[in-house]
Amino acid sequence: MKPLLEVQSLHVAYRPAAGGECPALADVSFEVRAGETLGVLGESGSGKSTLAVALLRLLPANGRVSGGAVQFEGQDLLKTGRRELEKIRGGRIGLMFQDPSMALHPAIRAGQQVSGVIGAHHSMDRAALRKKTLEVLARLFPKDAERIADSYPHQLSGGQRQRVLLAQATACDPALLIADEPTASLDASTQQEILGLFGTLKAHIGLALIFITHKPEVLAQIADRVLVLYAGRVAEVGPAASVLSAPRHPYTKALLQCAPSQAGAQLAFRKSKLPVIAGEPPNLMRLLHGCRFEPRCAERMDVCNASEPAQIVAGEGHAVSCFKYGGGS
Amino acid sequence: MSAKAENQPLLRVENIEKRYVRGSLQGSQGEVAALCGVSFSVSPRTTLAIVGESGSGKSTLALCIACLEPPSSGKIWFERRDITSLEERELRMIRPQIQLVFQDPANSLNPRWSVLEIVSEPFILQRRCDRRERQERALALLERVGIPGEKAHQRPDEFSGGQRQRIAIARALALDPKLLILDEALSALDCSVQAQIINLLLELQSSLALTYLLITHDVAVAGHLADQIAVLNGGRLVEIGEAGTVLRAPKHAVTQQLMAAATGSKTSPGVALEV
Amino acid sequence: MRYFLRRLGHATLLLFGVSVLTFLFSALAPGSYFDEMQLNPQISRESVAALRAEYQLDRPLPVRYARWVNSLLHGEMGFSFAYNAPVATLLWARAKNTLLLTVIATLLAWAIALPLGIWSAASARRWPDRAVSGLTAALLILPDLVLALGLLILAVRSGWFPTGGMVSLGFEKLSLLQKFRDVAAHMALPVAALVLSSLPVLVRHVRSAIAEVLGAPFLRAAEGHGIPRRRLLYRYALRAAANPLISLFGFSVGALLSGSLVVEVVMSWPGMGPLLLEAILARDVYVVIGGVLLSTFFLVGGNFLADLLLYWADPRIRAEATSR
């Protein structure tokens, strides 16, 4: 079956004020099938937020897509016209930005902000619009949709604002939702609520989800497949169970080891040093040739210095970009 | 004699209450109790983690202990002195011994100063040493937290999030504090960076004999760093005990909920740990 | 409610203070209305003294002030020596014309400044932005007086517009529609002068307020939801940038009022400007005080209106105000 979204060899670069070019994403390829949740695991500097905005061409003025294609429902999103793109944004693909306190307009009521999205994609009279808005909000606020609709963002808590954002992004029943760190600023139980809501929406409208985060434990709960980004390249991609419990790429292995886990704490690993990844992520402006993770890799080999590894299949539906699995000449 | 001194808690909090006044639409005044009857003590060279959800009063507690907000009632004893009853003059002597590290280093470091200036600032305020000595001490602190000397003249925005947090820690250590309050200091960091900072904190605790008050909503981090865990809910302390016990066998319903929420995973991530 | 009562209280205090100051300044200014008369050899000294006593100009300052306040409360605002009539009626007749000019100029200036500023901010650093910047810079260096005179010269040379005044001869005989067109034709140049002189400041402020908002996360989020460009700019960006612009609106009312004085005099528009000028030159003290006070009243009124708008437009101010 044809995938819903197919990203082919995406290249994105930024031009910082100081000059030069920063290759934020290089040769990123993946696909998302209908109704599936793809978790994108990446830390700061991995390019994950760039990926979120690049797919819908929402890069800031100094960024540009320098290559690749994004196939969605029969068209290349990177080449569609402005009008068509506006219809797809919010209509067929929803986008949830990172910080709920900043992503909502401070002077417009929550209900009106949701109505604004619906109104931009369907023409309805005011009564129908209000009805549809309340329906959308009721999916996420089963008890007090009306009160939320009439509130301003500063009157809502962090979790509530996140839900309003989710309502906006899913108001027109899109086929795909891109969520950039949706649970970052929330505490554990609110996080669970939001994850539960994603599940409900998935069941309700068959939503496919690209969930971007830096916390592996969250992806363990929600993702069907996981893609690991490092320094703008795909390190590894495969089924969630396989990537998260038997990772192939040295970066993924090291990353998963350094999260303090409750299990570890209970086993009296407390107050012991955690295994860390030495060093810092590379400066993308001054990349040397060779694998981008090589300077910090515990399993580096000579060939890793020479060229970038290609993606190799290393299991059922599981691909890695690492010379350990082949590809070195 | 010295054994007895070791048993004395460094910090003891007794029945702290903090009420805020809040106006409402009708003009009537309501009171919000941010903290209500909180009591605990912390032994020297240990870590107490305070966990709870947003709005449970954790940050208010941090502010009260750091003497930045006076509690509405209750007492705080630091090294057997009641700091809630001190005059500002005397309090100034105590402040260097209790230092804070905040969640967002981007907001707590002056963006216009170089990192060296930021870390030497506390020395200036204490008026202890001349310029050269200040610089030397600041450089030594930066090295201690892993920031090399060549970078000391750069501004905060040229560093990554993890590095900025290290700089904030260096500044907090400038005045040789005994108690370090970490208010969600690890929450905004990436996974691998968080691990590095946790290791740094552990190393500093043993080499500098520090006591930590760690405020967090992340149970796993609390479990890893703390000797004791206290759980706050709606301004009240609902459970407190040795870290391992609280994690394995939580008694209070709220604690149980927190533990359950944190381990909601179907598949636990990570390579299987070798026991 | 308390928010407004407080604002109202401030406004009243301000007006009171202004009245005292104006009184003081005009009393301190050398000479009086009757100095001209004194130079005239045909009028005797005694007559002048008698006139002065009649108009109570020989009384001490606080007494004169008290009598003036009394007159104000009776709706008269003192007495004009030159026109031999209560100041209030005099002022009101002229104030209507000034208001007509200023209100229309304000509305027109903002109606042009908003789209121009938004367009400029949305195309930052491309040619529309540069063109608008250049234009506003040019207008900014031009003094109001030069602008007004320039337009007047244009009127004289081209004959397209009437050169001064508010109505043509035989105004009373025209039909309603023709009257309307007549006044409009006379108003065109003074309004143009006022609009052109206030446009640069307004456009620049609108541009910078919108440019600041355009980088905000909520705007990018709205763009991500597929909100079309025009709605994005006018409904979302403008609302977020409303605060500084509303405050500017209050300020612009005051600025236009003071600018209108020069324009009215140059274009012979029968507003408060020429009246005030005459009165100052002739030392017609109560007219001056009345005129200044009325201008201040309009200025304060404009700011009060801005406060109202701010309260309505920004829910956070409402929340803050009610929580005090």
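## Burial and layout of chain C

In this predicted model, 35% of the 324 residues of chain C count as buried (20 or more other C-beta atoms, placed from the backbone, within 10 Å of a residue's own). The C-alpha trace of chain C spans about 85 × 60 × 40 Å along its principal axes.

Chain C holds 14 helices and two strands; these are DSSP runs numbered from the N terminus, with H or I over at least four residues for helices and E over at least two for strands. Of the contacts in chain C between residues at least 6 apart in sequence, 72% join residues at least 24 apart (a contact means C-beta atoms, placed from the backbone, within 7 Å).

## Helix 5 of chain B

Helix 5 of chain B covers residues 115-126, and its buried residues are B:Val115, B:Leu116, B:Ile118, B:Val119, B:Ser120, B:Pro122 and B:Phe123. Helix 6 (131-144) and helix 7 (161-173) of chain B are included in what covers them. Just after helix 5 of chain B, B:Arg127 adopts a positive phi of about 55°.

## Numbering and confidence

Residues are numbered from 1 along each chain as its sequence is written, while chains are lettered from A and ligands numbered from 1 in the order in which they are written. As the model is predicted, local features need pLDDT of at least 70 and side-chain atom pairs count only at pLDDT 80 or more, whereas totals for chains, interfaces and linings use all residues.

Key: A residue is buried if 20 or more other C-beta atoms lie within 10 Å of its own, exposed if 12 or fewer, and partly exposed in between; C-beta atoms are placed from the backbone. Two residues are in contact if their C-beta atoms, placed from the backbone, lie within 7 Å.
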